[in-house]
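Biologist: I have a new protein open on my screen. Could you walk me through it?

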Amino acid sequence: MRTLTLHFSEDALPTLDTFLKQTKEARVFRRAQAVRDVVKGHRLQNVSDTLQFTYSALRKWVHRFAQEGTQGLVDRPRPGRPAKVTCELEKHLHRLVEQDPLEHGSLYSQWNCRELATALARETGVQLGRESVRCALKKRA
């Protein structure tokens, strides 16, 4: 195993301590903890064994921290199609739920997911399936 030959700035530990206090995501918190231990001088292998990281993953996070700072510990955007249900569309959907379905041309006095999808498409132009509407409503509950 090669020795890690990275040099960290003097404010690396205080920066990591502050970052640990502010982060909300468990995955990012664990990464920051592991990197902090390495910055303190612990061996990569010992830290990876203790915190149950693979050696290569921990090495990658340490290198990213050395190059990018705490921003290197945060998950990068994943590839793929962007979500169809945006935050703004979700808010519109929840406002729609609070209204009377009969006012929106529905035949029923209570909303169902299909009717909500139809009313949403009519008002916003965005076509959603009933399952997408159900998932958006369930997320808020």
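Biologist: Where does the model come from, and how are positions counted?

Modeller: It is a predicted model, in which local features need pLDDT of at least 70 and side-chain atom pairs count only at pLDDT 80 or more, while totals for chains, interfaces and linings use all residues. Residues are numbered from 1 along each chain as its sequence is written, and side-chain values use heavy atoms, with hydrogens and water left out.

Biologist: How many helices and strands does the protein have?

Modeller: There are seven helices and zero strands. Helices (H or I, at least four residues) and strands (E, at least two) are DSSP runs, numbered from the N terminus.

Biologist: What is the radius of gyration, next to that of a compact globule?

Modeller: The protein has 24 Å, whereas a compact globule of 141 residues would have a value near 14 Å. The radius is taken over C-alpha atoms, and the globule rule is 2.2 Å times the number of residues to the power 0.38. Along its principal axes, the C-alpha trace spans about 70 × 25 × 25 Å.

Biologist: And what share of the residues is buried?

Modeller: Of the 141 residues, 30% count as buried. Buried means under 20% relative accessible area, exposed over 50%, and partly exposed in between (1.4 Å probe, protein chains only).

Biologist: Let us turn to H4. What is its length, and which of its residues are buried?

Modeller: H4 covers residues 55–68, that is 14 residues, and reaches 20 Å from its first C-alpha to its last, close to the 20 Å expected at 1.5 Å a residue. That expected span is 1.5 Å times one less than the number of residues. Its buried residues are Leu58, Arg59, Trp61, Val62, Arg64 and Phe65.

Biologist: What do they pack against?

Modeller: They pack against helix H1 (12–22), helix H2 (26–39) and helix H3 (44–51). Contact here means heavy atoms within 4.5 Å. Just after H4, Gly69 takes a positive phi of about 75°.

Biologist: What about H2: which helices do its buried residues pack against?

Modeller: The buried residues of H2 pack against H1, H3 and H4. Among them are Val28, Arg31 and Ala32. Just after H2, Gly41 has a positive phi of about 115°.

Biologist: A change of topic: is Ala119 buried or exposed?

Modeller: Ala119 counts as buried because its relative accessible area is 2%. This residue is found in helix H6 (residues 113–124). Not counting residues up to four places away in sequence, Ala119 touches Leu96 and Trp111.

Biologist: Finally, what does Leu137 touch?

Modeller: Leaving aside neighbours within four places in sequence, Leu137 is in contact with Leu93, His94, Val97 and Leu116. Leu137 sits in helix H7 (residues 130–140) and is partly exposed, at 22% relative accessibility.

Biologist: How far is Leu137 from Arg43?

Modeller: The two are 94 residues apart in sequence and 47 Å apart in space, C-alpha to C-alpha.
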